[in-house]
Amino acid sequence: MKVEFYGHVRQYQNIKNEIDARMQEVLLSGQFVQGPMLKRFEGELAKYHGTKYAIGVGNGTDAIWLALMALGIGPGDEVITHPNTFFATAEAIWIAGATAVFVDCCPKTKCIDPARIEAAITPKTKAIIPVHLYGQCADMIAIKEIADKHRLRLVEDNAQAIGAYGQGFKIAELSDAATISFIIQKNLGTFGDGGAIVTNNPEVDARVRKLRNHGSNARNVHSYGFNSRLDDLHAGVLSAKLKHIDAWNDLRRQWAARYTAGLRGCTTFDLPVELPGYRHVYHLFVIETRKPELRDSLLDHLVKSGVDAKTHYSIAIHQQAGYPWGKGARLAGSVPNAEANAARCISLPMFPELTEEEVDYVIARAKEWDKANAESASASRRRAAKPQPVGAS
Ligand SMILES: Cc1ncc(COP(=O)(O)O)c(C=O)c1O
C-alpha cells in the first residue's frame, strides 16, 4: 500500500464543480488582477476571521514582511520569534531589514515559549512573531501581555492554522495582524502560491493595499512599493474552498484522534499534544522519536513501507549552513527544545481526504517499528543492568 503525504487531487475531484465554476467566472470576467473575485474573497476571508480587513498578497512570506513594513518595522529593529519554524518566518524579518531574535519553543506545543520572551527584549525590540506551528495556536494571551507591557507589535504567522483557536482567543483578535499562506500544501491551499493579511488595524490595511500594488491605489499615482498581489484565479479557487475549511479541519482532527488512539502505548516516540480549550487543526501531525538518533531509522522504515512521511523541520534556522548570511540575527539564550524538535520530528500523512485504511496502515507500520526498537532498547537496558564479572569490559 502507498500512503501519500498530500491529497490535493482528491480534494479537487471532490469539489471540482465548485472550483471550476469560480475559475470560469474569473476567466469570463476578463479581470484577473485586483478584480471582483479578489474583492469578494477578501470580504469572505475577513468575515471568516471576524476582522475588519483582509488583503490578498502574493504569498505567505510577503504577507509577513508587508505587515512588518506597514507597522514601520525595518532596519535597526529587532523582531522576536523561534528557530524551529519554517524558514520563511525569519526570512521575512530579514527582507523587512530587521534583526531576527530567536528564543526557545515550548517543549509541549513547539510554538514560541512565552516564558523566554522577556529576557530577549532590548530597547531595539519592536515586535514578536508567534507562529501557530503545525496547526495549534501559540499562547497569545501570555504573549499579548508581554507585548502590551513592553509596547511591542504582534504579528501572528498563521501560515499553518487557519480555523484554529486558543483558550479564550481567536486568531487575529489580539495582534496587529495575522498572516496567511495559501500555498497548495496548507489547510486552505490554492493551486500555486498565495497569501493574505487579516487585521483590524485600518492603517495596516491601507498601507499593505498600497505596498502590494507598486505603492498605488489610483492609476498613475505611486509611492514606494512592490508587486505582491493575490491573483483573481487563486482568489476564486480559495473562495470555493473556504466554505469547506471547517469541515476539512474536522476531518484532520478525526484522523489525528485515530492516529493518537492507534499509537497510544508506543514507547519510542511521543505524540502531539493538544492543549485544553484549544482547537488544533493539524496542518501537520508531528511525532517525535524519544531518541534523536533513531529518527531517521523510523523515517526510513515508513518511507520503505510506502508511507510518505516527512520532517518539519529537521534543520532549525540557526543551524542552517551559512546562517545568518550577513543578516541581523541573535540567539537569545540556548534553544534546547527547538533543537530537540528539529532532531526528533517526523510528520505522518495528514490531509482531510485520507481513508481509514490508509491511517490504519500508517499506524501499523509505525507500531511494528516501535515494537522492534522498544525490544532492542529494553534488551540493552537489561544488559546494562546485569552485574558484569570483574575484569569484563
Ligand atoms: C510557518 C510558515 N510561515 C511562512 C510560510 C511562508 O508561506 P509561503 O510559502 O506562502 O510564502 C510558511 C509556508 O510556506 C510557513 O509554514
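Visitor: In what order do the eight strands of the open sheet stand?

Guide: Keep in mind that this is a predicted model. Strands of a sheet pair through backbone hydrogen bonds, either parallel or antiparallel. Here the pairing is mixed, and the order is β1-β9-β8-β5-β4-β2-β3-β12.

Visitor: Which strands stand at the edges of that sheet?

Guide: Look for strands with a single partner, because one side of each is then left without a neighbour in the sheet. That picks out β1 (53–57) and β12 (329–331).

Visitor: And how much is the twist from one strand to the next, on average?

Guide: Step along the order that starts with β1 and ends with β12. From one strand to the next, the twist averages 25°.

Visitor: Let's zoom in on β5 and β8. Which residue is the bridge partner of E156?

Guide: Strand β5 covers residues 153–157 and strand β8 covers 177–181. They pair in the parallel sense over three bridges. For E156, the partner in β8 is A178.

Visitor: What angle does α3 make with β1?

Guide: Helix α3 packs on the sheet, where it touches β1, β8 and β9 (195–199). Comparing its direction with that of β1 gives about 130°.

Visitor: Which strands does helix α6 touch?

Guide: Helix α6 spans residues 140–150 and packs on the sheet as well. Its direction makes about 155° with that of one of the strands it touches, β5. The strands in contact are β4 (125–128) and β5.

Visitor: Now for β11. Is this strand largely enclosed or left open by the rest of the structure?

Guide: Take one face at a time: F285, I287 and T289 are buried on one side, and V286 and E288 are buried on the other. That makes five of the five residues in 285–289 buried, so the strand is largely enclosed.

Visitor: Which residue of β13 is the bridge partner of F285?

Guide: β11 has two strands to look at here. Strand β10 (residues 269–270) joins it through two antiparallel bridges, with F269 partnered by T289. Strand β13 (residues 345–348) runs antiparallel to β11 too, over four bridges, and there the partner of F285 is L348.

Visitor: Which residues does a cis peptide bond join, with P324 as one of them?

Guide: Most residues other than glycine have a negative phi, and most peptide bonds are trans. In the loop between α10 (295–304) and β12 we find Y313, and a cis bond joins H312 to Y313 with omega about 5°. P324 is found in that loop too, and its cis bond, also with omega about 5°, joins Y323 and P324.

Visitor: Is K110 buried or exposed?

Guide: K110 is found in the loop between β3 (99–102) and β4, and its phi is positive, near 75°. The cut-off for buried is under 20% relative accessible area. At 10%, K110 therefore counts as buried.

Visitor: How does H214 count: buried, partly exposed or exposed?

Guide: H214 lies in the loop between α7 (202–211) and α8 (232–242). Its phi is positive at about 55°, although H214 is not a glycine. With 35% relative accessibility, H214 counts as partly exposed.

Visitor: How much accessible area does the nonpolar patch with F32 have together?

Guide: F32 sits in the loop between α2 (16–29) and α3 (36–49), and is partly exposed at 38% relative accessible area. L27, L28 and V33 form the surface patch with F32, and together they have about 410 Å².

Note on methods. Residues are numbered from 1 along each chain as its sequence is written. This is a predicted model: local features need pLDDT of at least 70, side-chain atom pairs count only at pLDDT 80 or more; totals for chains, interfaces and linings use all residues. Side-chain values use heavy atoms; hydrogens and water are left out. Patches are made of residues with over 30% relative accessible area and no salt bridge: like charges are joined within 9 Å, nonpolar side chains (Val, Leu, Ile, Met, Phe, Trp, Tyr) within 5 Å. Accessible areas come from the Shrake-Rupley method with a 1.4 Å probe; for residues, only the protein chains shown count as cover. A salt bridge is a side-chain nitrogen of Lys or Arg within 4 Å of a carboxyl oxygen of Asp or Glu. Buried means under 20% relative accessible area, exposed over 50%, partly exposed in between (1.4 Å probe, protein chains only). Two strands pair if DSSP finds at least two bridges between them. Axes are lines fitted to C-alpha atoms, for helices over the stretch in contact, and angles run from 0 to 180 degrees between N-to-C directions. Contact means heavy atoms within 4.5 Å.
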